[in-house]
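Please keep the sequence and the structure in view while reading.

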Amino acid sequence: MLFHNIILPLLAPLVAKAALTYKGVDWSSTAMLEKSGKSFKTIAGATASFESILKSSGVNTVRQRIWVNPSDGNYNLAYNIALAKRAKAAGLSVYLDLHYSDTWADPAHQTPPRGWPSNIDDLAWQVYNYTLGISNDFQAAGIQPTIISIGNEITAGMLWPLGKTATPANLARLLHSASAGVKSSSLSPQPKIMIHTDNGWNWSTQSWFYKLILAQGSLLNTDFDIIGLSYYPFYNAAATLSSLRASLNNVASTFSKQIVIAETDWPVSCPSPRYGFPSDTSGIAKSVAGQTSWMKTVAAAVAAVPNSMGVGLFYWEPGFLGNGGLGSSCADNLMVESNGAARSSLAVFGSI
């Protein structure tokens, strides 16, 4: 009994640190930034590859967005395979985020790629073949993504207008086709398949979305493994940490899927926020130290989901130099300085 009482306190910090399977960042812009002359540095100021900095900071998985036929080639298949090879060489796993668009796909934009079909039968077939091809190309390149997300923040649907949630049977069919493309591929081992929605703090939104698409019958419960959720503090004062905790627990218990916070950020500077911050985040400073506190707090919420269903946390584009706002009204959400030097907050991944 004495041995038991001594050992458990010693093991507790180790258990907490190892709670999350996926600890990562979205680093999609890295190659584009390097091409424009940007570079990254360690906290000590030594120039280094971003993947080596991420690895040494405790990151184990990198997220990459893939667009179908972008006009400038950034984020296309070739771009992503080259970037993923760098990640693999550094010992990082890859989480592939399929946007099913030639540009940004998000809650306000889900534009089909140029030339894709405008009827549901052909579009579902296109989605299947595109996803199958991407998966096979990654396998041929020697890269096996750990996670593939079939769509990006698709709370309002994907591949509009056919795949809007207003036509849920179409959306469910498209998701089933995407999943089948991954499952029919040569990828070995097979990745976890994710469906990704926004406003992860809002349980009513998540309940409505998943009950709606699963009720259609074509999307099977076995078609996906992970529910990915975006959780940002600067778009809605109702996005409290307490709401997040309740939502995560409800999602896990209702749908029996693993949960990943696929996107989150915290500002170093936010002098004129467009919206109020959630009340229970008032104790977290808008600073580099605050970024660390935010990530530890959100990681703890994920890790606390019952039955070890909370498995991952990703920071959205901490190294997107020249785009510090990252789409928000806050001036700076990066985990690197304007000269590319890593901030101390990047090291938080080693402690979550």
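Predicted model: local features only at pLDDT ≥ 70, side-chain atom pairs only at ≥ 80, totals over all residues.

**An enclosed helix and its surroundings**

Twelve of the 16 residues of α6 are buried, so this helix is largely enclosed by the rest of the structure. The buried set consists of P168, N170, L171, A172, L174, L175, S177, A178, S179, A180, G181 and V182, and these residues pack against α5, β6 (147-150), β7 (192-197) and α7 (203-214). Helix α6 itself runs over residues 168-183 and reaches 22 Å from its first C-alpha to its last, close to the 22 Å expected at 1.5 Å a residue.

On the α6 side the meeting residues are P168, L171, A172 and L175, while α7 contributes F209, L212 and I213.

In the loop between α6 and β7 one finds P189, which is joined to S188 by a cis peptide bond with omega of about 5 degrees.

Helix α8 (residues 241-255) packs with helix α9 (residues 288-303) at an angle of about 30 degrees, their axes being 9 Å apart, and that makes α8 roughly parallel to α9. The crossing of these two helices, α8 and α9, is right-handed. In the contact between them, L241, L244, R245 and L248 of α8 meet W294, T297, V298, A301 and V302 of α9.

For α9, the 16 residues should span 22 Å at 1.5 Å a residue, and the end C-alpha atoms are 23 Å apart, which agrees. Its buried residues, which include W294, M295, V298 and A301, pack against α8, β9 (258-263) and β10 (310-315). Within α8 lies S243, a partly exposed residue with a relative accessible area of 24%. Although S243 and N202 are 41 residues apart in sequence, their C-alpha atoms are 6.8 Å apart in space; leaving aside neighbours within four places in sequence, S243 is in contact with W201 and A238.

Which residues touch the most other members of the largest nonpolar core? In this core of 93 residues, they are Y100 and F349. The helix that gives the most to the core is α5 (residues 120-140), with seven residues. Apart from this core lies another, of nine residues, among them Y22, M194, I226 and V260.

Y100 also deserves a look at its backbone. It is placed in the loop between β5 (93-98) and α5, and it has a positive phi of about 50 degrees although it is not a glycine. At 1% relative accessibility, Y100 counts as buried, the cut-off being under 20%.

How values were computed
Residues numbered from 1 in each chain as written. Heavy atoms only, no water. Core = buried A, V, L, I, M, F, W, Y, C linked by side-chain atoms within 4.5 Å. Buried < 20%, exposed > 50% of the residue type's maximum accessible area, 1.4 Å probe, protein only. Helix = DSSP H or I, 4+ residues; strand = E, 2+ residues; numbered from the N terminus. Expected span 1.5 Å × (residues − 1). Contact = heavy atoms within 4.5 Å. Axes fitted to C-alpha atoms, helices over the stretch in contact; angles between N-to-C directions. Parallel < 35°, antiparallel > 145°, perpendicular 65-115°, else oblique. Left-handed = near helix turned anticlockwise from the far one by under 90°.
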